[in-house]
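Please consult the sequence and the structure shown here.

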Amino acid sequence: MDAKKALNIIAAQCGKKECCSADVAARLRRWELSERDVAAIMEFLVKHRFVDDARFAEAYARDKSRFNRWGRLKIARMLRLKQIPEAVIGQALAAIPEEGEDGHCLELLRQKARALKETDAYKRKAKLYRFAVGRGFDHDTVSRALGLLARDAEE
């Protein structure tokens, strides 16, 4: 594929949804373009704001928090995998409202607790803890949510 055609295709794709620069560059390399062409296309896309890692990171963090109910740790880990700089990740995570995180964690743990068949309280709590940590919630948030869940179970 020639560089002009690749630029038209990738610009159309970036115009429809947010993309990070690492994903776009990888896609261009899969199309077997030379590194010089990849660099020129990436420069054009960044200059004309088709690709903006800060904008991508904020949208990614907001959507994964709201729709997938991920915690901050998992969102940060996934953004690092997409080669987003740490400063940009920090800004994106700061845009997520903190008050919703406890509610998300508690709601996920309630759903998971209903599905668990484990009867031993210790093993049940351990499974719930591992589940919440796997979803990217920190220890303090999980502990608070497990405490609320235990209080709800007692009542």
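At 27% relative accessibility, F50 counts as partly exposed (buried means under 20% relative accessible area, exposed over 50%, partly exposed in between, with a 1.4 Å probe and protein chains only). F44 is likewise partly exposed, because its relative accessibility is 31%.

The model is predicted: local features need pLDDT of at least 70, side-chain atom pairs count only at pLDDT 80 or more, and totals for chains, interfaces and linings use all residues. Residues are numbered from 1 along each chain as its sequence is written, and side-chain values use heavy atoms, leaving out hydrogens and water.

There are 2 aromatic pairs in the structure. Rings of Phe, Tyr and Trp (its six-membered ring) pair if their centres lie within 6.5 Å; planes under 30 degrees apart count as stacked, over 60 as edge-to-face and the rest as tilted.

| Pair | Centre to centre | Angle between planes | Arrangement |
|---|---|---|---|
| F44 and F50 | 6.4 Å | 20 degrees | stacked |
| F56 and Y60 | 5.6 Å | 35 degrees | tilted |

Both F56 and Y60 are buried. They belong to helix α4 (residues 53–66), where they stand 4 residues apart, about one turn of the helix. Helices are DSSP runs (H or I, at least four residues), numbered from the N terminus. The buried residues of α4 also include D53, A57, A59, A61 and S65. Among the elements covering the buried residues of α4 are α2 (21–30) and α7 (99–115), where contact means heavy atoms within 4.5 Å.

Key
Helices (H or I, at least four residues) and strands (E, at least two) are DSSP runs, numbered from the N terminus.
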